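I opened the notebook to look up a few features of this model. My notes follow in the order I took them.

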Amino acid sequence: MMMMVGMEEAVGRMRQRRFKRAVLPEPAASVPAVSVTEIRRYLREQGLPFHDGHSCLHAPSLFAPGPAAPPFTLFIDKTTGGFLCTATLAEGTWQDLQAAVELRHRGLPPPSPREDEEDEEEEGRRAREAARRIWERALPLGELLDEEESRATKAAFGIAQLADATLKRFGVRYLRAARALVFPWFAPRDGALRGLKLVGATEETFPRFDAYHNLFGLPLIGRRDTEVVLTGRELDALALHQATGVPSLALPRGATCLPPALLPYLEQFKRVTLWLGDDLRSWEAAKLFARKLSVKRCSLVRPGDLQPRPLEALNRGLNLTKILRAALPAGHKSIVSFRQLREEVFGELANSEQVAGVKWARFPELNKLLKGHRKGELTVFTGPTGSGKTTFISEYALDLCTQGVCTLWGSFEINNIRLAKIMLTQFAARRLEDQLELYDEWADRFEELPLYFMTFHGQQNIKTVLDTMKHAVYMYDITHVVVDNLQFMMGHEQLSADRLAAQDFIIGAFRKFATDNTCHITLIIHPRKEDDEKELQTASIFGSAKASQEADNVLILQDRKLTTGPGKRYLQVAKNRFDGDVGVFPLEFSKASLTFSSSKSKAKLKKVKEEKAPSAKKDLDGGAGGSSKP
């Protein structure tokens with residue numbers, strides 16, 4: 001479960017109301033859909049005043065006690081209906097808010113937190129206590145006894161240009177024992193310490209990352225401030241504020257995600273500039289975040305040699321004010337000329353490696369063919385029954401997830417417990433059954449990954465699945481969805497002709513979702529029933545040709561050992577819309593770690609021309625282990 005932002009005692013000794021909600025919806029029900037029109041209608045019917053904001057509707061709090069409560073501190077998300085009361089820090093879903101309104105009309109108090117909510121609150125208290133102990137041991141950099149140590153520490157973190165006054169204003173400290181900078185999370189209302197982030201050789205947060213919803217620098221924002229710059233790192237926020245004086249905030253997880261729970265705290269700003277980093281992943285994230293924040297008020301700093309991240313710009317003596325003034329508006333209602341696209345095209349040419357996408361660490365040969373994993377694409381994956389499709393794709397997705405690609409798994413064929421066990425084994429690269437004393441250590445590290453699971457199992461309606469995916473993209477900034485597999489999107493009772501039409505519709509819906517949401521979808525499809533002696537082709541994908549036509553990439557897990565005895569598995573890239581490279585490379589499977597890895601044999605990656613793929617692939621049989629000979 002995700003812990004809500006800043007949960008503590010409510011103002012005026014009122015016991016805080018916390019609302020329990022699942023990470024993703026239960027399989028028995030789809031995501032409750034609510035439109036902003038329905039929200040407005042309900043508020044009017046209930047006699048609750050409100051006014052429009054950028055991402056939220058603003059209404060008087062239902063939870064703040066007494067007539068002296070601050071006005072319009074209840075923020076209702078226009079997309080989900082979820083709410084946050086900044087006066088009492090109560091928050092929940094649209095259904096929770098409706099329940100609170102009904103209880104208020106009846107003159108009844110809000111229900112008490114459930115037992116599991118109390119357990120979660122206890123976990124939060126422990127995290128805050130750990131943060132407090134670390135905070136007390138840390139020292140401001142300007143107060144280190146040895147001035148030489150202070151200079152060396154600043155040099156090590158590349159912050160020699162940051163003044164002690166700036167570090168002190170933002171409350172940055174240094175923890176000698178961990179050789180890490182300490183960034184506090186202070187509550188915007190009462191200034192209490194909610195948590196902190198340690199940045200050294202690695203990053204660690206208290207509370208854990210999924211409950212760490214800090215907008216670093218928020219307590220320094222004035223009520224009359226109307227513009228803000230959002231950065232991807234805390235040190236960038238310091239550099240920006242020092243160089244420009246403009247209010248600057250750092251997102252808790254940089255370019256990885258913008259939790260909707262933070263949107264109410266950004267409502268007061270009429271102009272929001274996103275300067276998240278100096279690479280194309282940050283640029284893409286900035287464009288996605290602008291959708292949540294309302295593109296009409298957002299501007300983006302495009303990465304470039306003369307527009308690096310703020311701290312680097314400060315260290316290089318660049319004019320940060322000038323860079324901010326050159327920020328591009330996030331929304332272009334009409335792009336009608338090359339002149340408007342010129343800088344974007346240049347950026348892609350100058351950063352060809354970044355444009356190619358996130359590289360796989362475990363499958364270097366896949367990088368040579370596909371070049372990388374890119375947002376907005378549809379990948380179709382197939383392979384013989386029993387060849388290890390789910391096991392391979394779980395490692396394929398895990399590889400990307402460990403590099404910060406927010407991933408959503410929809411496993412309809414095997415349950416989530418079994419899937420999580422496979423992925424945890426692959427993550428640890430060992431049989432944890434034989435080393436149970438290491439389980440908690442690896443499980444704690446695995447929990448830190450931006451990985452989520454849909455709770456569906458068995459046949460599901462496509463609309464329910466798409467609603468869940470849309471919800472996950474908005475809430476958790478998902479950029480990769482794995483669907484295992486297409487056949488569970490269709491009912492077995494349909495006639496064959498109807499099933500083909502249903503499959504075409506489903507593939508088209510996934511294609512549109514990937515494009516509209518800038519999200520990569522990996523779709524597993526079983527192959528047709530064919531002669532076991534033949535290798536699979538693109539035409540072997542079950543159904544019509546629409547799957548291969550709509551897909552940007554087609555991957556086939558060939559498994560010759562299933563038909564010819566001892567042999568090898570190998571992965572075939574049968575389609576690559578990005579640059580056309582197709583080919584095959586052998587794989588080896590480790591049963592102990594459930595991982596596939598590139599073969600260490602003399603058989604190397606072999607690229608083939610797309611139009612000659614079938615014949616060239618036959619030539620590779622011997623080198624890829626297709627022969628029955630040892």
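Which ring has Arg374 lying over its face, and at what distance from the ring centre? I found that Arg374 lies over the face of Phe578, at 4.0 Å from the ring centre. I keep in mind that this is a predicted model.

I then looked up a lysine over a ring. The charged end of Lys292 sits over the ring of Tyr474. I noted 5.2 Å from the ring centre.

Next entry: aromatic pairs. I got a count of 16 aromatic pairs. I picked out Phe363 and Phe392, which form a tilted pair. Their centres are 5.2 Å apart, with 55° between the planes. This pair links distant parts of the chain, 29 residues apart. Phe363 is in the loop between helix H11 (352-355) and helix H12 (364-370). Phe392 is in helix H13 (residues 389-401).

I looked at a second pair, Tyr452 and Tyr476. Their ring centres are 4.5 Å apart and their planes are at 10°, so I wrote the pair down as stacked. Tyr452 is in strand S18 (residues 451-453) and Tyr476 is in helix H16, 24 residues apart. Both Tyr452 and Tyr476 are buried.

I also listed one aromatic cluster. Its members are Trp360, Phe363, Phe381, Phe392, Tyr396, Phe589 and Phe596.

Next entry: nonpolar cores. The largest has 70 residues. Leu274, Leu293, Met469, Ile478, Val481 and Phe510 touch the most other members. Helix H16 (residues 462-476) gives the largest share of this core, nine residues.

What does Phe510 contact, leaving aside its neighbours within four places in sequence? I listed Ile462, Leu466, Met469, Val483, Met489, Ile521 and Leu523.

Last entry: a sheet. I traced five strands in an open sheet, in the order S6-S7-S8-S9-S10, with antiparallel pairing. Strand S6 (139-140) and strand S10 (203-206) stand at the edges. Each has a single partner strand, so one side of each is left without a neighbour in the sheet. Inside the order, three bridges join strand S7 (residues 173-175) to strand S8 (residues 180-186). I noted Arg173 opposite Val182 in S8.

Notes: Residues numbered from 1 in each chain as written. Predicted model: local features only at pLDDT ≥ 70, side-chain atom pairs only at ≥ 80, totals over all residues. Heavy atoms only, no water. Pairing = 2+ DSSP bridges. Helix = DSSP H or I, 4+ residues; strand = E, 2+ residues; numbered from the N terminus. Core = buried A, V, L, I, M, F, W, Y, C linked by side-chain atoms within 4.5 Å. Buried < 20%, exposed > 50% of the residue type's maximum accessible area, 1.4 Å probe, protein only. Contact = heavy atoms within 4.5 Å. Phe/Tyr/Trp six-rings, centres within 6.5 Å; stacked < 30°, edge-to-face > 60°. Lys NZ or Arg CZ within 6 Å of the ring centre and 35° of its normal.
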